[in-house]
Amino acid sequence: MTWHCILIAVSVMFFLSSIALQIVGYIIFRKNTQKYESLISEFRKRRLDLDFSTQVSSFFSPSFHSVKISWFARLFKGVKLQRRGNESVSQETYDFIQSLPEKEIGWLIRLHTLNMVTAVMIIGGGLGFIIWRHIYNQCVLNYDHGDGCISILVHVTP
């Protein structure tokens, strides 16, 4: 087996795994929808800072769970965020999210981590396809039976 075949196999496995992980993430979010709804309603009730994408995506389906939870996960981790232009998020917002008990916020942090792993896998799979495609084109252009490249040459006749 050549490294070209290994590269395409790893890329396909990354893509298929990322699809499976997105389905798992969707299921996890669906099971915790009530917790998410109570968290966002508490934020709105206390008039804490929410970014535009979190406000808008809260009305979308659970398929957008990665957009819905990323703001909260980043706040929990203490990432310095800005809500409008150069206006920093209030310390009260950080204090509230970081004071939540594990049972209320833990699922969200784990799901965010799963989303980050999925993103790395899909980007890695995409880069693998791009590299493979570049190498494949080079092999077709320099076709030689002894170079280890697998290619199918199609002859088109007018």
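Here is a walk through the structure, from its overall layout down to a few residues.

What you're looking at is a predicted model, in which local features need pLDDT of at least 70, side-chain atom pairs count only at pLDDT 80 or more, and totals for chains, interfaces and linings use all residues. Residues are numbered from 1 along each chain as its sequence is written, and side-chain values use heavy atoms, with hydrogens and water left out.

Let's begin with the layout. The protein has six helices and two strands, and from the N terminus they come in the order α-α-α-α-β-β-α-α. Of the 158 residues, 32% are buried. Here buried means under 20% relative accessible area, exposed means over 50%, and partly exposed is in between (1.4 Å probe, protein chains only).

Now to H1. This helix has 29 residues and spans 42 Å from its first C-alpha to its last, close to the 42 Å expected at 1.5 Å a residue; the expected span is 1.5 Å times one less than the number of residues. Its buried residues are His4, Ser11, Ser18, Gly25 and Phe29. Isoleucine 27 also sits in H1, which covers residues 3-31, but isoleucine 27 is partly exposed, at 41% relative accessible area. Isoleucine 27 belongs to a nonpolar surface patch with Val12, Leu16, Ile19, Ile23 and Tyr26, and together they have about 520 Å² of accessible area. Patches are built from residues with over 30% relative accessible area and no salt bridge, joining like charges within 9 Å and nonpolar side chains (Val, Leu, Ile, Met, Phe, Trp, Tyr) within 5 Å.

Histidine 65 is buried, with a relative accessible area of 1%. Leaving out neighbours within four places in sequence, histidine 65 contacts Gln22, Gly25, Tyr26, Phe29, Leu111 and Asn115. Leucine 111, from that list, lies in helix H6 (residues 102-141) and is likewise buried, with a relative accessible area of 1%. Leucine 111 and isoleucine 28 are 83 residues apart in sequence, yet their C-alpha atoms are 7.4 Å apart.

Helix H5 (residues 91-99) has Thr93, Tyr94, Phe96 and Ile97 buried. Looking down the axis of H5, the buried residues fall within an arc of 165°, so they line one face of the helix. That arc is taken over the directions from the helix axis to the C-beta atoms.

On to the charged side chains. Side chains of opposite charge can pair when their charged atoms come close. The structure holds three salt bridges, each a side-chain nitrogen of Lys or Arg within 4 Å of a carboxyl oxygen of Asp or Glu. Glu42, Lys45 and Arg46 are linked in a network. Lysine 45 meets glutamate 42 at 3.4 Å, N to O, and arginine 46 pairs with glutamate 42 at 2.6 Å between the closest N and O atoms. Lysine 45 and glutamate 42 are three residues apart in helix H2 (residues 33-45), so about one helical turn separates them. Lysine 45 is exposed at 62% relative accessible area, whereas arginine 46 is partly exposed at 44%. Elsewhere, glutamate 102 bridges to arginine 110, with the closest N and O atoms 2.9 Å apart, and both residues are exposed.

One last stop is arginine 47, in the loop between H2 and helix H3 (52-57). Arginine 47 has a positive phi of about 60° although it isn't a glycine. Most residues other than glycine have a negative phi. Arginine 47 is exposed, with a relative accessible area of 75%, and its C-alpha lies 9.1 Å from that of threonine 93, 46 residues away in sequence.

Key:
Contact = heavy atoms within 4.5 Å. Helix = DSSP H or I, 4+ residues; strand = E, 2+ residues; numbered from the N terminus. Areas by Shrake-Rupley, 256 points an atom, 1.4 Å probe, with all protein chains shown as cover.
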